Each structure stands twice: as C-alpha cells, then as structure tokens.
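Reader: Hi! Could you walk me through this one? I'd like to start with the strand pairing.

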Amino acid sequence: MVLEDSSIPEFSKSLSKPKKNLNEGEKWILDNLKFETKRILKWINTNDNEYERLKREALDSKINYLKQTPSNDSYGDNFNRLVCQTADKLDLSLPDAEKVIKKDIENKITDQDIEKYLNTTLYNQRISQLKRSLLKYIEDMGDEEKGLTLTSIQYEINRIKTDNIWGSNRFEQIIFNGLEGGKINLITVLCLINEFDYKGGYTSNPNLNAYLDNPKLEAIPLIIDEMLLIPNFFEYYGIQSNLTIYIADTDYSEIGEFGPVNLKNLQNIKDYIVNVKQYLQNSRGIVIKPISELTNENPVYQKVKLEILEKVKNFKDYDFAREWYQKFEDDVERRFESQTKRKIFAENEIRQKTLELTRSIWACNAAQGVILGTLDQNTILISTERRERDVNYTIGKSSRENFPPVLYILKAAENWNRKLVQKGT
C-alpha cells in the first residue's frame, strides 16, 4: 500500500504549506519545539565552540535569506543591492564591499537571532521527520487516524526522553498493538532509600519524604509522580495500560549490596513497601510488589543466576569475556571506591568483598532480566536508572533476546537533587 500526499490527513498536508498562516498542527509542533530550543541554547551558552558554530550558521542563514529576497529592481536581490550600494558609497571593489556587509551582519547577530535560527532549523527537521513517520505509520497500519496517533505518540516521547528507547522496534510494535485494542503492561523497578553513616553502618529508610531532609537520598515521590504520567499519557491516546512497580528488595535481602542483613532493616523494607502502597492508594490500576515475588523459588531465575555467577568468576568463556570482562573490571573499581567510603567491610578485605559483591550483583541482575523477559509480550519497562546501568539485565544471552523495550524519560528526581546541590542546601 503506497500513499500519496493527497491521501494524508489535513494535519500532514499542512506540514508543507507556507508558514505565513499557521494552522493548529503547526502551532502544536512549534509549541513543543520551544522546549528543545531552550535546552540546546542552555547547553551552547556553556560551550564556546558550539556557540560560534551556531553563530556562523545564523549568519549564513541571514545572508541566504537576503539573497533569496527579490529587490524588485535591477539589483536582483537584497543582498546584491547592499553590496553594490556599499561599494559605490565607500568606493570599494565588490568583493571588499561583500566582506564589509557580511561583517556588519555578523556584528549585529544577537542571541535572539541564534535562537530564531535554531528554532527554525529544528522546526524544519521535525517537519521532515514527521512527514516520513506519518507516511510510514499510515502504510504500516492501513489507517490514517491510527497512523497520525502513532506519529503523535512517537513525537511526544522523542521530545521528553532522556536516552534512546531500548528495543525501539518492539516498542513500536507494542504501541501498534495498543492502538488495535491490546493492553500495555508497564513495569518499573523502584529502588529502596539507603542511608549510610560511612562508619560501616547502613539503614533502609521507609520514609518516602526523607529526601526533603537529605538531598542525597532518592526523591521517591517525584519518581512515582512522574512515572504515573506514562499510563495517563497512553490513556490520552486511547491505549489501555496497567502499571506494576517492583520494589528492589533483593538488592538488600539477597545480594547484600549494602551490608549485612538485619531484622530492623528487613522490617524497614516491609514498611517502605506499605508506604509506597499508601502513597498510591488513590491511583487506579497500580500494583506494588517486591521483586522477590518474581524471583524467589523460581527455577529459571536460579539457573541463570548460577550460570552467570560461574561466568564472572573465571571468564573462561571466550565470547563472554570479550564482551563483558572490561565492563566487569570497571564496575569492580567503581564499587571498590564506594565500599571504601562506606567502610562496611574491614580495610584488609574490601577488595575481595567488592569482587564477590559485584559478581553477585551481575548474576542476580542478569537472572532478573531473564524473568522480566518472560512477562506479557506487550510489556514496556520504565527505567529509573540510566541505560549503562540497565545493560546488566542483558548479560545473559536469553535475557537479551526477550528483554522488554525500555523507556528513559524520568528526570524530576534528578533535577530536584541537582537543584539542591547547586544551592548548597
């Protein structure tokens, strides 16, 4: 099925219209581009080379605009008119007059001109991308309205994501299924609140608002609130979804990542789960459970865990070692530094304990990745981590083949912590 422009909805037709009178579709795109423009400008203001590059591009853009604007006289265009008039006025050759005009335009370029150029460039890029996506999705789905909806969904997600979607092809297929009436199974793994006294002591804090007193702690309410926007987002587009929040209790109870297990912290973890449930008691379709419910007494989990544990102990598997050995060594060094600060282990055993701990973490994460891959085929993981951390889920071959697509869009908690740190609070 090949579609011509004439078969695209009115929205898509408007993308190639002259920009003098913007319709609602174009206004929608422009409004969304304001975010991207401001974000990029904030970055270039701290990067001199990038700023100068954009300034030169803005200069070229202004000159091209003058060259493309007819002067309605013998000069042909406005740029040629300026050059010729300047040459006559200052008694210069045309090449020297052109240099004078270019320098004058360059000196008058402001940050507002760069912002306008950047916004226009982004606009044209997004218009081109949207047109290609819209044609593809309409052809794939055989339905103009659904094609337009999927284009909108992808655009919005691309606008707010903090990293590339992991498994983008599967993600796209799941959205297809959602638009056809299938229900999306959203999952996430929520960390515990961990406090260290850096004297060997550790406490699992059940208080969700502990971050207000200590900005180094995870801002759990901000993470949850931002996460809840995702099922609401899909609902807005007519896609049903449910959200399951798995609490990472095995980090403490099974891996022992933060120190020896004790009854007080085990109770704190139970209280933490209760507090998360209470926080979400007015939210529909949200399930909260410890991730240990997926892994305890699960033969597949135990099998994969032992397999990976053996691989990271000796690295005798050539292909595995080639891909993972250096990453493992780097992870050991990073964890060694943090364990040294926490002083959980005696000084003469930190290196060996860190090595054993890293092996355990990798084995458990890989086994969890396999289990997450056995969930509903319409599953999407909303990550509270960064992409480089989630790689641990795919250490095993079987987990890599079936691991669900991952969305990286959460940033409220990170922004909160950064703001407090910058204030020195």
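Author: Happy to. This is a predicted model. Strands β1 and β4 (residues 241-247) pair in the parallel sense, with seven bridges between them.

Reader: Nice. Which residue of β4 is the bridge partner of Thr188?

Author: That would be Ile245.

Reader: And how many bridges join β1 to β6?

Author: Three, and here too the strands run parallel. Strand β6 covers residues 379-382. One of the facing pairs is Asn185 with Thr379 of β6.

Reader: What about burial, then: how many residues of β1 are buried?

Author: Seven of its seven, so to speak a mostly covered strand, spanning residues 184-190.

Reader: Which residues sit on each side of β1?

Author: On one side you have Ile184, Leu186, Thr188 and Leu190, and on the other Asn185, Ile187 and Val189. Every one of these is buried, which leaves both faces of β1 covered. As a general point, side chains in a regular strand alternate between the two faces of the sheet.

Reader: What about contacts between residues 24 or more positions apart?

Author: They make up 72% of the chain's contacts that have a separation of 6 or more.

Reader: Last one: what does the accessible surface come to?

Author: About 23600 Å² for the protein chain, with 48% of that belonging to carbon and sulfur atoms.

Key. Residues are numbered from 1 along each chain as its sequence is written. This is a predicted model: local features need pLDDT of at least 70, side-chain atom pairs count only at pLDDT 80 or more; totals for chains, interfaces and linings use all residues. Side-chain values use heavy atoms; hydrogens and water are left out. Contact means heavy atoms within 4.5 Å. Accessible areas come from the Shrake-Rupley method with a 1.4 Å probe; for residues, only the protein chains shown count as cover. Buried means under 20% relative accessible area, exposed over 50%, partly exposed in between (1.4 Å probe, protein chains only). Helices (H or I, at least four residues) and strands (E, at least two) are DSSP runs, numbered from the N terminus. Two strands pair if DSSP finds at least two bridges between them.
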